[in-house]
Amino acid sequence: MKVTVKLFAFFREDRFIKEDRELPEGTTAGQIVDDLNIDREEVGVLLLNSRHCKFDKILQDGDIYAIFPVIGGG
Amino acid sequence: MEVERTIRNGLATEDQKALRQATVSIVGCGGLGGRTAELLVRLGIGTFILTDPDIFTSSNLNRQIFCTPQTLGLEKARVLASELQKINPVANIYFHVQTFSENNIKNADVVIDGLDSAKDRLQLAKLCRSHSIPLIHGAVKQWYGQAGVDSETSPIIDTLYSTPETDSTPTVFPMTVALIAAMQATEVCKWILQKESPLQNGWLQCDLLNCDYDQILQDKT
């Protein structure tokens, strides 16, 4: 299946802004975070097709999946 | 001078009056808070409530507008009050050198998030919602920033800070602070003038490195 993965803020550094990924059926939101070597503790928001999701959510063909870090400075 | 002060805003008289009659509470008078305050006093906001428990230190010099070698060691809220008063001597400016509480926000029309911790932001957002006052959120980290309006119908702070914080001293560029503070000031202006804004239903994610700006809009709860 094909999923579009979008990264935000410093998660883009040494990775990508947006990428279409070919993934095995049953891949979870958390597995993509792990595959990208993103520390789960740094993740602020996960959006699947503009709706919130959790790490255990199973992705579907055609999904658009966005991963945001926590940004905290002021 | 009082009419000429804001004449180049080009606003209708009643809109400029609405800004003059508005009260803005700024919670956190550092990078975002100081910049937003400077913009809003020039815009013509009439009353400010400034709250910050801290003093200026040398690591603030890279981004906090009124932090200079001369103000190091001085209370941020007191310095900001003094600088705003210089820009507009007839503005009403109240300042509190303390951590925020209900008393610092309850009389405001709008509250500015100038904080730098998730825990404080969650607490401030809850407090603002309990008084039905919008919280104009901003946050920065080096090349990246975000801004949006937290309210009862769009509680973005709960979304953005649902996980515990891992980065206690974020890196912050002055350019990112200036951009996000300008967005916060703009959202204040629109809220007071009752203009709709996409950021009342979500937030804007800003990437200055790639010049990439995304509106993340949420369904109303």
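Modeller: The axes of helix H3 (residues 31-43) and helix H8 (residues 174-192) of chain B cross at roughly 45 degrees and come within 8 Å. The crossing of H3(B) and H8(B) is right-handed, the near helix being turned clockwise from the far one by less than a right angle. The contact (heavy atoms within 4.5 Å) involves B:Gly31, B:Leu32, B:Arg35, B:Thr36, B:Leu39, B:Leu40 and B:Leu43 on the H3(B) side. From H8(B), B:Val177, B:Ala178, B:Ile180, B:Ala181, B:Ala182, B:Gln184, B:Ala185, B:Val188 and B:Cys189 take part. Twelve of the residues in this contact are nonpolar, three polar and one charged, with Gly counted as polar and Arg as charged.

This is a predicted model, in which local features need pLDDT of at least 70 and side-chain atom pairs pLDDT 80 or more, while totals for chains use all residues. Residues are numbered from 1 along each chain, chains are lettered from A in the order in which they are written, and side-chain values leave out hydrogens and water.

As for the setting, chain B contains eight helices (DSSP H or I, at least four residues) and eight strands (E, at least two). Of its 221 residues, 52% are buried, meaning under 20% relative accessible area with a 1.4 Å probe. Among contacts in chain B with a separation of 6 or more, 64% join residues 24 or more positions apart. The C-alpha trace of chain B spans about 50 × 40 × 35 Å along its principal axes.

Notes:
Axes fitted to C-alpha atoms, helices over the stretch in contact; angles between N-to-C directions. Buried < 20%, exposed > 50% of the residue type's maximum accessible area, 1.4 Å probe, protein only.
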